[in-house]
Amino acid sequence: MNAYDEYMKQVVKPMREELVGAGFTELTTADAVNEFMAETKGTSLVVINSVCGCAAGLARPAAREAVAAVKPDHLVTVFAGQDPEATAAMRSYFEDVPPSSPSMAILKDGELAYFIPREQIEGFPVEQIVTHLTGVLEQTCEK
């Protein structure tokens with residue numbers, strides 16, 4: 001492993017732990033993503049994590065707060081730029097949506113029900129992102 005890779009592992013460690021500590025399962029390989037998607041039933045929140053401080057620094061806290069209020073059946077995350085194969089595999093399940101990170105996908109029985117792209121995260125107050133995500137989760141989890 002080169003010095004840059006080692007540096008980035010240390011930089012992203014707290015970013016990974018922020019979601020894992022809130023109950024998210026990290027999917028770090030394409031196989032893990034494909035296995036999850038093949039077996040998942042119910043409502044899932046997928047957070048496509050990112051290093052970008054401006055948007056990701058809002059997305060992670062918003063996701064944690066929203067799932068404390070409304071908990072879907074599954075919480076998973078992939079890390080764009082860090083786990084490229086896992087991220088590409090997850091994005092392949094919602095091909096009609098342009099790649100965006102950070103972002104959040106709400107899945108119902110493995111099918112994309114709603115997508116929150118970076119443009120609806122970056123520059124918004126965290127409370128507004130929480131309200132948006134909580135509302136979507138309430139609607140999706142009820143169905």
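## A strand covered on both faces

Strand S2 (43-49) has cover on both of its faces: Thr 43, Leu 45, Val 47 and Asn 49 are buried on one side, and Ser 44, Val 46 and Ile 48 on the other. Buried here means under 20% relative accessible area, using a 1.4 Å probe and protein chains only. Strands are DSSP runs of at least two E residues, helices are runs of at least four H or I residues, and both are numbered from the N terminus.

This is a predicted model, where local features need pLDDT of at least 70, and side-chain atom pairs count only at pLDDT 80 or more. Residues are numbered from 1 along each chain, and side-chain values use heavy atoms, without hydrogens or water.

## Who pairs with S2

S2 sits in an open, mixed sheet of 5 strands, ordered S1-S3-S2-S4-S5. Two strands pair if DSSP finds at least two bridges between them. S2 runs antiparallel to S4 (residues 103-108), joined by 6 bridges, and Ser 44 has Leu 107 as its partner there.

What comes in the loop between S2 and helix H3 (53-69)? Ser 50 is found there. Ser 50 is buried too, with a relative accessible area of 7%. Its side chain reaches the backbone nitrogen of Cys 52 at 3.2 Å. Leaving out residues up to four places away in sequence, Ser 50 touches Met 15, Ala 56, Arg 60, Phe 79, Ser 101 and Pro 102, a contact being heavy atoms within 4.5 Å.

Methods. Buried means under 20% relative accessible area, exposed over 50%, partly exposed in between (1.4 Å probe, protein chains only). A polar contact is a pair of N or O atoms within 3.5 Å; within protein, one must be able to donate a hydrogen and the other to accept it, and residues adjacent in sequence count only if both atoms are side-chain atoms.
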